[in-house]
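User: I would like to learn how to read a few features of a protein model. Please take them one at a time.

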Amino acid sequence: DRTNPAAANPLANCTPDSKIWKIGMPALPGAILLAQKAGKTPLLLDGNDNKTVDVFFTYQAGAILDAKKLMVEESVLKTKTLEETHEELRTRLISAIKLGHTLYISMGNSATMFTTKYCKEGKFPVEVFETEAWDSAASANPGRAKICCRSKVNCKAMRESLATGKQEKDDLEFSDASGRGDSFDVIVSSHFQDEDYADFLAGSLPLDKMQAISVVVD
């Protein structure tokens, strides 16, 4: 529809003053990039019946963290202690950083309490959910032209606080020196509807550090 500005520019309503950006699935990569350039961590609202966003990221190169499963194992089934859960989060985080992968945190229909329970300094700090716009011109990463942001957890001080052994420290230092780790980023998804997500997730995630992006599938 040439008379519809959104048809010509699928990111037309993705502006800093919009609490929720509503987009179609084809515009998802562009909206994620736009949010990251603005220094926000993308929070993808996937209330679609087929959970299209989760399916999409299943086929991407990255690390998928099932937040609901994590919470159920620790709080409901009691198959893992909180300490074991923190350690699992730490190792998953380090792996994603050193490989330069996206850490895709799927909340599902849960309100897993990251900020008040599962985030812990030296394990899975709350800075995981903070994104900064970043000029990667000096990066050694060959794909640096595609990198526009940097997770606040991906800095020397944070990496040193996360690594517990010589091998982990060496791996993270190499990842940083080679630029491979520069492409590490964090994306969060939720199955809550647009009108409900803020109420359910207010105590779970630092929503002020995130940009809600509602993905509509026809």
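This is a predicted model: local features need pLDDT of at least 70, side-chain atom pairs count only at pLDDT 80 or more; totals for chains, interfaces and linings use all residues.

User: How is the packing of two helices described, and at what angle do the axes of α5 and α8 cross?

Analyst: Two packed helices are described by the angle between their axes and the distance between the axes. Helices are DSSP runs of H or I with at least four residues, strands are runs of E with at least two, and both are numbered from the N terminus. Axes are lines fitted to C-alpha atoms, for helices over the stretch in contact, with angles from 0 to 180 degrees between N-to-C directions. Here the axes of α5 and helix α8 (residues 166-178) cross at roughly 35° and come within 9 Å.

User: Which residues make the contact?

Analyst: Contact means heavy atoms within 4.5 Å. From α5 come Arg 90, Ile 94, Ile 97 and Lys 98, and from α8 Glu 168, Asp 171, Leu 172 and Ser 175.

User: Which residues of α2 are buried?

Analyst: Buried means under 20% relative accessible area, exposed over 50%, and partly exposed in between (1.4 Å probe, protein chains only). In α2 (residues 28-37) the buried residues are Leu 28, Ala 31, Ile 32, Ala 35 and Gln 36. They lie on the same side of α2 because they cover an arc of only 135° around the axis, the arc being that of the directions from the helix axis to the C-beta atoms.

User: Is Ser 214 buried or exposed, and what does its side chain contact?

Analyst: Ser 214, in strand β8 (residues 210-216), is buried at 4% relative accessible area. Its side chain makes a polar contact with the side chain of Asp 194 at 2.9 Å. A polar contact is a pair of N or O atoms within 3.5 Å; within protein, one must be able to donate a hydrogen and the other to accept it, and residues adjacent in sequence count only if both atoms are side-chain atoms.

User: How many disulfides are there?

Analyst: A disulfide is a pair of cysteine sulfur atoms within 2.5 Å. The whole structure has zero. For Cys 14 the closest cysteine sulfur, in Cys 148, is 14 Å away, too far for a bond. The sulfur of Cys 149 is 4.6 Å from that of Cys 148, its closest, also too far.

Note on methods: Residues are numbered from 1 along each chain as its sequence is written. Side-chain values use heavy atoms; hydrogens and water are left out.
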